[in-house]
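Open the structure in your viewer and keep the sequence panel beside it. The stops below say what to select next and what is there.

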Amino acid sequence: MKIGFIGLGNMGAPMAANLVAAGHDVTGHDIHAAMPDGVVAAISAAGAAKDADVVITMLPNGAILRSVAEELIPAMKKGAVLCDCSTVDVESARVVAEQAAEAGVLAIDAPVSGGIGGAAAGTLTFMAGGSDAAFAIVRPLFDIMGQKAVHCGPSGNGQAAKICNNMILGVTMIATCEAFALADKLGLDRQKMFDVVSTSSGYSWTMNAYCPAPGVGPQSPADNDYKPGFAAELMLKDLRLSQQAAEAADADTPMGQLAALLYESFVEREDGKGMDFSAMLPRFEKRHRG
Ligand code: NAD
């Protein structure tokens, strides 16, 4: 396939490299980042898009996606697919899909989980929103860049799945960290806490697979001085998107709201920026009630 790839940063570069390695013809554009080996550079987003069967975007946020899409869509062939893999607000995903439809272009929102490691290894999970026709065209590319792709429904539903998942993740990480900090103050050994909780009803991905306590459970960023992994500021971004969506949909999400406020304090006022999101544990360790 002829593929245009816009946004070759931490995630986009390894994803594009995997498409090249699988034999696809990839033309890329980025305002700063260098092209990975085998990706032909275009001087503009429109240049990367014009002959493409599929254009993939992997950009920082919804505002940037909207401005890039305005340039891209008119340059694309009719029947080609615009596949946005960035994490953006549901509203931007739906607006871009409408613009694409008006121009005879198919659109799919397909945010990912799996992080930089998953992007490099080709083991991402894609959660996709868009038509069956668009999903069928892009699916073989998801199979190269990832290990799982779930078609979640119409446009915007991929982003909806992503922010609901990450709202659970943020809330669960905070619950796991505050419980470890309480256990410390009660004199309960962390390994014993892990042995009990990881096999009891308090178990979760954050406890069992990504334990925030160093030296306990499987290897995780806690064992590497809390270097990310999944950075606290990216968790804050996703929690804010969840609260923006909850506001727009009139959904009551008190735990998600509090998780967003806690990660906001951590990132903006408590040196959490640049730390893994599991560094909430040392944050709670230092604090007192009230
Ligand atoms: P990044 O900042 O490393 O990459 C974004 C790239 O977009 C940069 O290279 C930047 O130069 C480029 N860019 C910005 N504006 C542009 C424009 N107008 N035209 C062309 N290129 C432009 O970010 P990332 O970590 O690769 O994340 C990309 C997206 O993936 C984000 O939406 C993020 O939330 C999501 N995501 C990231 C992770 C992760 O672990 N890093 C995990 C899941 C999802």
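**Stop 1: the largest pocket**

Select α7 (157-185): with six residues, α7 gives the most to the lining of the largest pocket. Helices (H or I, at least four residues) and strands (E, at least two) are DSSP runs, numbered from the N terminus. A pocket is defined on a 1 Å grid over the protein atoms alone, as an open set of points with protein on both sides within 12 Å along at least five of seven lines; a cavity is a set of points where a 1.4 Å probe fits but cannot get out, and lining residues have an atom within 4 Å of a point.

The model is predicted: local features need pLDDT of at least 70, side-chain atom pairs count only at pLDDT 80 or more, and totals for chains, interfaces and linings use all residues. Residues are numbered from 1 along each chain as its sequence is written, and side-chain values use heavy atoms, with hydrogens and water left out.

The volume of the largest pocket is about 1,400 Å³; a volume is the space filled by probe spheres set on the points, which are joined across faces, edges and corners. Now select M11, M58, T87, F230 and L234, the closest to the pocket centre of the 49 residues that line the pocket. Besides α7, the elements giving two or more residues to this lining are α3, β7 (112-113), α5, α9 (205-208) and α10. Coloured by class, the lining shows 23 nonpolar, 20 polar and six charged residues. Here Ala, Val, Leu, Ile, Met, Phe, Trp, Tyr, Cys and Pro count as nonpolar, Asp, Glu, Lys and Arg as charged, and the others, Gly among them, as polar.

**Stop 2: the ligand**

Select the ligand, which sits in the largest pocket (more than half of its atoms lie within 2 Å of the pocket's grid points). Its shell has 24 residues, the closest being N10, M11, D30, L59 and K237; a residue counts if one of its heavy atoms lies within 4 Å of the ligand. The shell draws at least two residues from each of α3 (62-75), α5 (115-121) and α10 (232-249). By class it has 13 nonpolar, eight polar and three charged residues.

Next, show polar contacts (pairs of N or O atoms within 3.5 Å). A ligand oxygen atom lies 2.8 Å from a polar backbone atom of M11, and one lies 2.8 Å from a polar backbone atom of L59. At K237, an N or O atom in the side chain is 2.8 Å from an oxygen atom of the ligand. The ligand taken alone exposes 830 Å², of which the protein buries 84% (Shrake-Rupley method, 1.4 Å probe).

**Stop 3: the cavity**

How many cavities of 30 Å³ or more does a search of the whole structure find? There is one. The largest cavity has a volume of about 80 Å³. To see its lining, select L65, L82, D84, A93, V96, A97, A107, I108, D109 and S155. β5 (81-84), α4 (90-102) and β6 (106-109) each supply at least two of the lining residues.

**Stop 4: two backbone details**

Most residues other than glycine have a negative phi, and most peptide bonds are trans. P228 and G229 are joined by a cis peptide bond, with omega about 15°; G229 is in the loop between α9 and α10. Finish at D250, which is not a glycine but has a positive phi of about 55°, in the loop between α10 and α11 (254-269).

How values were computed:
Polar contact = N/O pair within 3.5 Å; in protein donor to acceptor, adjacent residues only side chain to side chain.
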